[in-house]
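Here is a friendly briefing to read alongside the model.

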Protein chains: 2
Amino acid sequence: MDSRTMHTHTCGELRRADIGQEVTLCGWVWHRRDHGGLIFVDLRDRAGVTQVSFDPEHSGGSAFHVAETIRPEWPVRVRGVVRQRPEGMSNPKLATGNIEVLVSQIDVLNTSRTPPFQIEDHVETSEDVRLRYRYLDLRRPKMMANLRLRSDFTFAIREALHGREFMEVETPALFKSTPEGARDFLVPSRTQPGHFYALPQSPQLLKQLLMVGGVERYYQVAKCFRDEDLRADRQPEFTQVDVEMSFVDQDDVMGALEDVLADAFSRVGVTMACPLRRISYWDAMDTYGTDKPDTRYAMELHDVTQLFSASKFKLFSGAAATKGQFVKAINAKGAGTWPRAQIDKLADVAAGFGAKGLAWIAFREDGSINSPIVKFFSDDEMCALRAEMGVEHGDLVMFAVADRLAADQILGGMRSHMANALGVERAGHDFLWVVDFPLFHWDADSKRCASEHQPFTQPDEDQLDLLESDPLAVGSHTYDFVMDGYEAGGGGMRIHDAKLQMRILKLLGFTEKRAQEQFGFLMEALGFGAPPMGGFALGLDRVCMLLTGSDSIREVMAFPKTSSGSDLMSDAPSEVSSAQLKEVSLRLL
Amino acid sequence: MDSRTMHTHTCGELRRADIGQEVTLCGWVWHRRDHGGLIFVDLRDRAGVTQVSFDPEHSGGSAFHVAETIRPEWPVRVRGVVRQRPEGMSNPKLATGNIEVLVSQIDVLNTSRTPPFQIEDHVETSEDVRLRYRYLDLRRPKMMANLRLRSDFTFAIREALHGREFMEVETPALFKSTPEGARDFLVPSRTQPGHFYALPQSPQLLKQLLMVGGVERYYQVAKCFRDEDLRADRQPEFTQVDVEMSFVDQDDVMGALEDVLADAFSRVGVTMACPLRRISYWDAMDTYGTDKPDTRYAMELHDVTQLFSASKFKLFSGAAATKGQFVKAINAKGAGTWPRAQIDKLADVAAGFGAKGLAWIAFREDGSINSPIVKFFSDDEMCALRAEMGVEHGDLVMFAVADRLAADQILGGMRSHMANALGVERAGHDFLWVVDFPLFHWDADSKRCASEHQPFTQPDEDQLDLLESDPLAVGSHTYDFVMDGYEAGGGGMRIHDAKLQMRILKLLGFTEKRAQEQFGFLMEALGFGAPPMGGFALGLDRVCMLLTGSDSIREVMAFPKTSSGSDLMSDAPSEVSSAQLKEVSLRLL
């Protein structure tokens, strides 16, 4: 460790073994107690807390007299001798809880106004106030621990990648606007009036160009920008660990990534057992109702279509008789004891996931059954249903009737909702791959195929002849990394053939002219001997959120923005002078 | 190493010890030679080059027949057996030069159009063409080595910082416009019409807020943005290694930085002997004529004012008699042999550094003297001059007459020019600190003091009473890191007292209202117990340029822009749709 002249130790490191030593500490006055004629101060820095005490009888009382004036959040430097805390005064909750420092000299390094909220982990303050004074919010030990974990994990993943011969390459933030994905943030050019850069939504095209350029193994911890409405837990700028490899097939990439991720997680104390489980997209949808399943709990979806094929309940038997329609069910254990009114409200929840209604059967603890539909079922049907769903007293079985994807999505939503409502335990972390996504999905708005991942994804080579005739049947080389029920990362193999890339863009509705304008430079590059390539991007903010047990990515960002995109601390975005606007040849509407 | 299914080795690693082994390689066809009925191909990947050979008699000739069709820059995969090259066919310049791979199977992974320039290190191509096809330019071994060095050095410095308990914290790219420094790049907000973010010129304010927030030891490899005219070797976006520390004094910060930098440089094979030499700003100016001296060669500036105090040459003696005027000289060894016409042209060079003319004396190899001014000098003056300047045959002594700073700058410029013109050897790397910059310099345009470093720099504590009365005399806690005659980094201690910060802003011409609008959030934060703090920023692009022996930072950036700010590959910046502009409430002028 390099020398420190202003302090000899941090506030987190003194122990019994240091008793008798003279030390100098720097930190903020946290709590102050006057007790028995002495003053006790909890001195806090980023490493921890040390109790320092002031005695009017010690060193002529000068330090004591200063201590009488100090207030919370003043930064101070103290010098003194480490001593054992008196009998019964130890604090076993504190790493430094056996000792204190008897101060002989104190220097006030600065004063502080009274903070608008207490610097404590569990403080009742609106998030807006926390963001307005983020520099105070960061002093809370939990926030400091979050920043430290993020720093440690980011370094761990860099170390894992660097050690495996990945090269970090910085790609530009001022790049070309390709508005086909999310909305771009634009940056007007001053020297080229009427022209704009765009901030990258991801370095996707640039990393593919790096593969054409022979980099072979690339990574970057990259800032990405999307000007989307910030509903849910989104931020206008976010960070992804971006990776790309050449001369590889899908198994090479996934193997390398598993190796890197397991290494990085282990460096922050999290075990990721390899090889990871791989679930195909349709298995994930059919079993968990989502392409990002949390498999720490079961509550799996069951296809009960055939079971009700002859049912008097026409909704079910009608579906069974219709091609492409399914009756699916989940069993929410414990919810069968809920009062009828509470169960009835679940129909609204299901409607949020696309259901037109919600059929259900509550198996009461006393063995009775409560259900609006059970009267239509035969004993055989009930018996088969109980067996299929593993029914016990206290269970609530819910049904969805729809086409495959819709039925999956309704029950996937209900599964997650019920797990939260029932407080289903989800201990530890859950990692898996979801693979084999379809190349396209149907976009009802544009009445056209849209890319399931992105337009540069490699289709299954043996299904290329279906591209025009049955595009929705074409598979792809894709893989999502799912952690604790979140899509924590995703990737795929890329098209490295210029003609195939143009064919895909046309299927997505591009004219040849427009495709050339937007992506001509990519296709030109592919024509100069692009190698087979594939890669991945890990959502760093989200992974750190999960690793710290936070409920928002804002808790793992130093200076996040509000849902309206504001920085409440600096008041950005703000008005600029008309001269600044004129320089970039713009005026306000 | 993780598994690779597509290849068993890189093109750089096979040696004699591998003879007899069956291997699979992937790479690009570089050179192809048909010789003695065989085909020889240099296969290139980022790790190196391996000769692979094709024999029509081997494995039924199938690989040979494919090899007849392959062209430069096609990516291929080959399988074959490593064998010794025939007697006299080894290539000692190549790490793999003792072996070749006799190919039994070749897969063409893609074809390539003919590149617009050859993929060779020494290729005569305009930089515009290189940038237009940057992905091909990057395939040149020198460019690939530059990217790798940059990746290695960046990782080394991260490792050095992380190992010393610095926390990496990401600060936002969408921040507030503070247009007092260089020009900001603006980013219009869609959700808040008429409001703009700015891309950060540096994370300066944010890292100071992190210190207020208790981070104590921060670093970030940060993208910075300046919308300046790109004369010289500038880019609109560049990268700095940004560092800040709390509870420190200047020696703490400089000591920590020396430690980190020496560690990082050593990891890329460069020795930086510590402690580094420290030169004060005025010593550097007076001795080398610059605040970023290259001390690998002498050619130091000499103050000869007093020597000519009684001279008949009125230009010199007049200066000696005038307070604040100086006569200074340098001795360019070897230039004394230049023809008169060549020497005369130096006056134009000196004019570029602010000189009104250039007095000089050429000491010819034959002992004669050639000079327009020497006729005015007494024998004693010449004798004293020879002694002071260590004159030998072949020397050219040049003079500047001006005030201290101007004389320094003229001769500093000439010193550097002459070193280049004479090809003065500058081997190895040269590291030093320049310290103790004045807090302000006089800005002739605004007729006002301007910050020498930046407005947040801590003045010398014992000169605070001079701030208003004699501001140019006030020193500061500042340090620049100079490498090979370039300002490679700079830093200082920061003001952590809100009132002092406001006082400085007023001295810089801010009204209280304007200071509050721009920097009120900083001063508010300082009022909540800001600790003593200081930091540093290292120009990563420039350091990598010097480490790779490149003559431009563009050689160590994957995708640099032209001097007009264009990306020639993607054609950014480009026009955007009127719908995109309308969304951000703007129209073109």
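A residue counts as buried when its relative accessible area is under 20%, as exposed when it is over 50%, and as partly exposed in between. B:Glu583, at 33% relative accessibility, is therefore partly exposed. Please bear in mind that this is a predicted model.

**How the two chains relate**

- Chain A can be superposed on chain B with an RMSD of 0.1 Å, using a turn of 180° and a shift of 0.0 Å along the axis.
- The two copies are thus related as by a two-fold rotation axis.
- Both copies use the same surface, since 100% of the contact residues of chain A recur in chain B.

**A salt bridge between the chains**

- Side chains of opposite charge can pair when their charged atoms come close.
- Over all chains, the count of salt bridges comes to 90.
- One of them pairs B:Glu583 with A:Arg183, and their closest N and O atoms are 2.9 Å apart.
- This pair joins two chains, because B:Glu583 sits in helix 16 (residues 578-583) of chain B, while A:Arg183 sits in the loop between strand 6 (167-168) and strand 7 (186-188) of chain A.
- A:Arg183 has a relative accessible area of 29%, so this arginine is partly exposed.

**Salt bridges within a chain**

- B:Arg83 and B:Glu100 form a salt bridge, with 2.8 Å between the closest N and O atoms.
- Distant parts of the chain are linked by this pair: B:Arg83 belongs to strand 4 (residues 75-84) of chain B and B:Glu100 to strand 5 (residues 99-108) of chain B, 17 residues apart.
- Are these two partners buried or exposed? B:Arg83 is partly exposed, at a relative accessible area of 28%, whereas B:Glu100 counts as buried at 1% relative accessibility.
- B:Lys207 also forms a salt bridge, with B:Asp242 as its partner and the closest N and O atoms 2.8 Å apart.
- B:Lys207 is in helix 5 (residues 204-212) of chain B and B:Asp242 is in strand 10 (residues 237-246) of chain B, so the pair ties together parts that are 35 residues apart in sequence.
- Both B:Lys207 and B:Asp242 are buried.
- In chain A, a network of salt bridges links A:Arg130, A:Arg134, A:Asp137, A:Arg140 and A:Glu555.

**Helices 7 and 12 of chain A**

- Helix 7 (residues 281-288) of chain A packs with helix 12 (residues 404-421) of chain A at an angle of about 55°, and their axes are 7 Å apart.
- Helix 7 of chain A and helix 12 of chain A are therefore oblique to each other.
- From helix 7 of chain A, the contact is made by A:Tyr281, A:Trp282, A:Met285, A:Asp286 and A:Tyr288.
- From helix 12 of chain A, the contributors are A:Arg404, A:Leu405, A:Asp408, A:Gln409, A:Gly412 and A:Arg415.
- Sorted by class, the contact of helix 7 of chain A with helix 12 of chain A has 5 nonpolar, 2 polar and 4 charged residues.

**An enclosed helix in chain B**

- In helix 15 of chain B, 7 of the 8 residues are buried, so this helix is largely enclosed by the rest of the structure.
- The buried residues of helix 15 of chain B are B:Leu540, B:Asp541, B:Val543, B:Cys544, B:Met545, B:Leu546 and B:Leu547.
- Just after helix 15 of chain B comes B:Gly549, with a positive phi of about 65°.

**Backbone details to look up**

- A cis peptide bond runs from A:Cys274 to A:Pro275, with omega near -5°.
- A:Pro275 lies in the loop between helix 6 (250-267) and strand 11 (278-280) of chain A.
- In chain B, the peptide bond joining B:Cys274 and B:Pro275 is cis, with omega about -5°.
- B:Pro275 lies in the loop between helix 6 (250-267) and strand 11 (278-280) of chain B.
- A:Phe247 is not a glycine, yet has a positive phi of about 55°.
- The loop between strand 10 (237-246) and helix 6 of chain A holds A:Phe247, and at 0% relative accessibility A:Phe247 counts as buried.
- B:Asp571, a residue other than glycine, has a positive phi near 65°.
- B:Asp571 is placed in the loop between helix 15 (540-547) and helix 16 of chain B, and at 53% relative accessibility B:Asp571 counts as exposed.

Note on methods: Residues numbered from 1 in each chain as written. Chains lettered and ligands numbered in written order. Predicted model: local features only at pLDDT ≥ 70, side-chain atom pairs only at ≥ 80, totals over all residues. Heavy atoms only, no water. Axes fitted to C-alpha atoms, helices over the stretch in contact; angles between N-to-C directions. Helix = DSSP H or I, 4+ residues; strand = E, 2+ residues; numbered from the N terminus. Parallel < 35°, antiparallel > 145°, perpendicular 65-115°, else oblique. Contact = heavy atoms within 4.5 Å. Nonpolar A, V, L, I, M, F, W, Y, C, P; charged D, E, K, R; others polar. Salt bridge = Lys/Arg side-chain N within 4 Å of Asp/Glu carboxyl O. Buried < 20%, exposed > 50% of the residue type's maximum accessible area, 1.4 Å probe, protein only. Least-squares fit on C-alpha atoms with pLDDT ≥ 70 in both.
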